[in-house]
2 protein chains.
Amino acid sequence: MPSPELLAKLGELSDLRHAGLLLMWDQQVTMPPAGAAARGPVMGTLETLAHDRLIAPELGALLDAEGDGDGDDPQIVRAVRRERDIACRVPSELATEMALAGSEGFATWLRAREANDYSIFEPALRRNVELARRYAGCFPDNEHPYDALLDRFEPSMTAAQVSALFMRLRGGLVPLLAEIAEQPAPAPLSGIFPTDAQREFGLQIVRVMGFEDSAWRLDDAVHPFAASPSLADVRVTSRFEEHSLIGLFALMHEVGHGLYERNIDPALARTTLDTGVSLGVHESQSRLWENLVGRSEPFWSFWLPKLRERMPETLGGIELHDFLRAINAVSPTLIRVEADELTYCLHVIVRFELELALIEGTLDTADLPRAWAAKMQELLGIDVPDDLQGVLQDVHWSEGIIGYFPTYAIGNVLAAQLWSRLRADLPNLDDDLRRGDPSELLTWLKDTIHRHGCRLTPAELIEQAVGGPLDPDPMLAHLSAKYRALYGLPA
Amino acid sequence: MPSPELLAKLGELSDLRHAGLLLMWDQQVTMPPAGAAARGPVMGTLETLAHDRLIAPELGALLDAEGDGDGDDPQIVRAVRRERDIACRVPSELATEMALAGSEGFATWLRAREANDYSIFEPALRRNVELARRYAGCFPDNEHPYDALLDRFEPSMTAAQVSALFMRLRGGLVPLLAEIAEQPAPAPLSGIFPTDAQREFGLQIVRVMGFEDSAWRLDDAVHPFAASPSLADVRVTSRFEEHSLIGLFALMHEVGHGLYERNIDPALARTTLDTGVSLGVHESQSRLWENLVGRSEPFWSFWLPKLRERMPETLGGIELHDFLRAINAVSPTLIRVEADELTYCLHVIVRFELELALIEGTLDTADLPRAWAAKMQELLGIDVPDDLQGVLQDVHWSEGIIGYFPTYAIGNVLAAQLWSRLRADLPNLDDDLRRGDPSELLTWLKDTIHRHGCRLTPAELIEQAVGGPLDPDPMLAHLSAKYRALYGLPA
């Protein structure tokens, strides 16, 4: 293990981050609205203090004293050193400017949404793009300026790798979507699904997944998310709506994130390595539970009878086959967060390609709505009627978060790779799910992914888990097989 | 106003404290139980960082640069300087040792309560007393070692002042209690008071007092408390029980605390002066609403009909006079937090006299249960059957909090002084309360107490508010008049 002095410094850094996480959770879940104005500075102070401690020469000296980290847990030193090196490259003034522009951008974005008018938001976005380019400029050795932005969320992944990956996704998804579009749409679920019953049913499902009442909580949030102030304090949120079951899938998604954090090796607590290693890997966990488990036939063959009992009026007569068709219906939508399993990645690709052009300087922010509309037409075949259903829908860019979107698709891709691998290791998985028992699956994920925290790099973790790098083929194969069967297309 | 540099430092300090406050609130209200172990270090780190910043030479230099503080707001400099001077007198090792002993003491106290055995707790208390004496030793100029301990909660108040005040309280309360004890006890309220109805009714009351849904929240807590992470984010708690209405009074009490913080001059936000000036003054606000408003005839002449409507089965037939007798019944109890308005201060005096003896060294912790029993017999005339209903009942000493108890009685005394003064200023107050309208009262309290935050010292604030120092006579007169009327004793 690193020296006690180094561990003490990492403990403080970790404590500041965990406090910040709790403040963020509180802001979205429990804070009275009038508390918002005063909350910003408090969160800003915690971030600044954490950043100051990360770049402090004292921490550098303690890391240097560890040498090549040939002690018990050299990964701790390696991971902290990497994070510190990056933080030290960015001038404090720039970091502060970015934080400020992000918080102002968010406020401007809210106003622009109110007016459904991108032109209100455009100057703020222009500023965020400019700052992102300055940030990228701090890393002149990178192949592409986008690499530095992506690295904040998906360490060591490059724009070139994402482009190559997405090119193959496009190639597989777009033709499949075209085929499906010619088939009759499945009948949607309709009627009232009482939110209390959904919440209770959702809790019943996630308790089997690993949600323990003593260490977890479930709350409502407008935009569902998960946050873990510590490894034994996991908070998930969902949004249950009485006209749809989408909140159930959102809950399984967030519990997938929560399980990752909950099962990290406790020895990593307060080392700053006690968190998911990248957003893509995190998303692989949430998507795996939401889609590969939660929209599958074996899963619902166990749970549908129970759901029917809870909601006899709306679901009493539904057949498993029709239920599965309804929850897996494919239909291009304008809004990313409402997208189905197949079209979701296309939304991500739209954003990635636009981000890349903004950062390269080949697209001006003034032209963004037009470019957005063209991409939506090209990839999803739909028209964008206004800014609210187009370029103003996502919060990310308003806060200066550029380089984040690709991680959503990386998560889907990795989830399918993991699924393919774990099905080979767990030949009885379908039977287990038909009995409502995902415990072997959870054990596999704990052992393969969760426990490592940030000890392995994302690339090492993926290599070790699936025996190779990111590969879109398992996802394309999964989607093709699933949707061809559901829509009665030739295999 | 102080220099921008000084204000920036105070802003950071303030942010750290507000974050700590939110973590404390979360720990008691929302945190899953398994999160407890990891929460301690996070709160400890925030406290240490705040303490380090308070004693840092940079802050000292910025305060020195303000000179005699002849700027716009010299009270800010004065208040921070005082707090810093005290913090600088205490060696960091001692502060750390006290924090650690407090947290271990709390755990030991829980175990001792489990076993109903003081001897388990005794070594931890011995250690806390010893540390408190070492803390007091850092202030050798004080008249009495207890002064330094009291000062942490009631700045500039001395043991001698508290002793003199409490002597007069004893003199007035003990004979009155003896007279009442000979009268027949009023019939208690009985039946089921549904907790949901109590909560709704309580909210109806406190919304009229000033609880705004946009800036406040109400939650359940085992030990009700109030906490304000910022001036527009006020969190109160209560505990509603179906066999009693005590949760309603606890709610009014906590909202009294909340109103104080909510109405501090917003210009004091992030200066560290945006909080109540002392625990005694804070308690005057909670007690005023709980007892002087909340147990009065004018108040219930408006609210009782509404409560009867909500709980027709239990309260449908009750007369105002009988209701008032029931909620004001005097009966010596073993447990402080269950005490009535008259005997409450006697519980405080028991604890103060024991604390004083422990700190002076004339009482050994090994003899505490015997001394406790003797004092309870002397002041309240009752026998203490076991440790749980005696010396193990309060959490304070377990955490090393010595010098705090007097502030409860100071609050009661000051509340009566304020009440006496404001009744002269607001001749229509009883009529207002009979119409359910406490707005003039709130305006008076805002103007006289709340807005000042820590700009005035407690002594200055009290002098300005009531035209003199703390004085027990208004409280003794109030209690005598009230209880003689309720119990049919000669005036």
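User: In chain A, how many bridges join strand 1 to strand 3?
Analyst: Strand 1 of chain A is joined to strand 3 (residues 233-238) by five bridges, and the two strands run parallel. This is a predicted model.

User: Which residue stands opposite Trp216(A) there?
Analyst: The residue opposite Trp216(A) is Val234(A), in strand 3 of chain A.

User: What is the strand order of that sheet in chain A?
Analyst: The order is 1-3-2, in an open sheet of three strands with mixed pairing. Strand 1 (216-220) and strand 2 (226-230) of chain A each have a single partner strand, so they stand at the edges and one side of each is left without a neighbour in the sheet. On average, neighbouring strands of this sheet are turned by 20 degrees against each other, direction ignored.

User: Turning to chain B, what is the order of its three-stranded sheet?
Analyst: Chain B has an open sheet with the order 1-3-2 and mixed pairing. Its strand 1 and strand 2 are at the edges because each has a single partner strand. Strand 1 and strand 3 of chain B pair in the parallel sense over five bridges; Asp220(B) has Ser238(B), in strand 3, as its bridge partner.

User: And where does helix 10 of chain B lie?
Analyst: Helix 10 (residues 246-262) lies across strand 1, strand 2 and strand 3 of chain B, at about 165 degrees to strand 3.

User: New topic: the interface. How many residues of chain B are in contact with chain A?
Analyst: In chain B, 34 residues are in contact with 34 residues of chain A. The two chains bury about 2,500 Å² between them, with 66% of it on carbon and sulfur atoms.

User: How many salt bridges are there between the chains?
Analyst: There are four salt bridges between chain B and chain A. One of them links the side chains of Asp26(B) and Arg235(A), at 2.8 Å from N to O.

Notes. Residues numbered from 1 in each chain as written. Chains lettered and ligands numbered in written order. Predicted model: local features only at pLDDT ≥ 70, side-chain atom pairs only at ≥ 80, totals over all residues. Heavy atoms only, no water. Contact = heavy atoms within 4.5 Å. Buried area = accessible area lost by both parts, 1.4 Å probe. Pairing = 2+ DSSP bridges. Helix = DSSP H or I, 4+ residues; strand = E, 2+ residues; numbered from the N terminus. Axes fitted to C-alpha atoms, helices over the stretch in contact; angles between N-to-C directions.
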